[in-house]
Amino acid sequence: MSFERVASLADVPTDEALAVTVDRYDVAIARDGDEVFALQDLCSHAAVQLSEGEVADCTVECWLHGSTFDLRTGKPTSLPATEPVATFPVEVRDGEIYVDVTTTLNGVTPA
């Protein structure tokens, strides 16, 4: 695995995602309690950044059409989106967030 530092834990709000770029991918970093998640920052329904939506109950909402995605699996939990988004491995070390975009947790190929 090839983890890259992307942000400090303190940089990620509890109710919204943080947009970062790792290699050639735009990634949304989100928190749910003490857990940190990384998913591709692109709604699978429309070309909209998920990092601009609200984070609640371990989901992130696409602000344009209202689809929500599970932060753990990348799967949509409401329409109109029907396809999952890629999720990436995350490590938190000494308050710093590291993401590996060389692999996905859910098998979805990033766009």
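**Entry 1: burial**

I count a residue as buried when its relative accessible area is under 20%. With that cut-off in hand, I went through this predicted model and found that 45% of the 111 residues of the protein chain are buried. I also looked up the surface: the protein chain exposes about 5700 Å², and carbon and sulfur atoms supply 45% of that area.

**Entry 2: elements and overall form**

How many helices and strands does the protein chain have? I found zero helices and ten strands. Read from the N terminus, the order is β-β-β-β-β-β-β-β-β-β. The radius of gyration came out at 12 Å, close to the 13 Å of the globule rule for 111 residues, so the protein chain is as compact as a globular protein of that length. I noted the span of the C-alpha trace along its principal axes as about 40 × 25 × 20 Å.

Next I checked contacts along the chain. Among those with a separation of 6 or more, 40% join residues 24 or more positions apart.

**Entry 3: charges**

**Entry 4: the cores**

Which residues have the most contacts inside the largest nonpolar core? I wrote down Leu39, Cys43, Leu50, Val55, Val60, Phe69 and Leu71, in a core of 17 residues. Two of the strands, β3 (25-32) and β4 (35-40), each supply at least two residues of this core.

I then took Leu50 as a place to look around. Setting aside residues up to four places away in sequence, Leu50 touches Leu39, Gln40, Asp41, Leu42, Cys43, Val60, Glu61, Cys62, Phe69 and Val85. I was pleased to find a second, separate core too: it has 16 residues, including Val20, Tyr25, Val36 and Val101. As a general reminder to myself, nonpolar side chains tend to be buried together in soluble globular proteins.

**Entry 5: valine 20**

From the second core I picked Val20, which sits in strand β2. Is Val20 buried or exposed? Its relative accessible area is 11%, and the cut-off for buried is under 20%, so Val20 counts as buried. Beyond the neighbours within four places in sequence, Val20 is in contact with Val6, Tyr25, Asp26, Val27 and Ile29. I also looked at Val20 against Ser51: the two are 31 residues apart in sequence, and their C-alpha atoms are 9.1 Å apart in space.

Pro80 has its place in the loop between β7 (68-70) and β8 (87-88).

I then turned to positive phi values outside glycine. Asp23 has a phi of about 55° and lies in the loop between β2 (18-22) and β3. Its relative accessibility is 56% and exposed means over 50%, so Asp23 counts as exposed.

Cys58 is another non-glycine residue with a positive phi, near 60°. I found Cys58 in the loop between β5 (55-56) and β6 (59-61). Is Cys58 buried or exposed? With a relative accessible area of 3%, Cys58 is buried. Side by side in my notes, then, Asp23 is exposed, whereas Cys58 is buried.

Technical notes
Residues numbered from 1 in each chain as written. Predicted model: local features only at pLDDT ≥ 70, side-chain atom pairs only at ≥ 80, totals over all residues. Heavy atoms only, no water. Helix = DSSP H or I, 4+ residues; strand = E, 2+ residues; numbered from the N terminus. Rg over C-alpha atoms; globule rule 2.2 N^0.38 Å. Buried < 20%, exposed > 50% of the residue type's maximum accessible area, 1.4 Å probe, protein only. Contact = heavy atoms within 4.5 Å. Areas by Shrake-Rupley, 256 points an atom, 1.4 Å probe, with all protein chains shown as cover. Core = buried A, V, L, I, M, F, W, Y, C linked by side-chain atoms within 4.5 Å.
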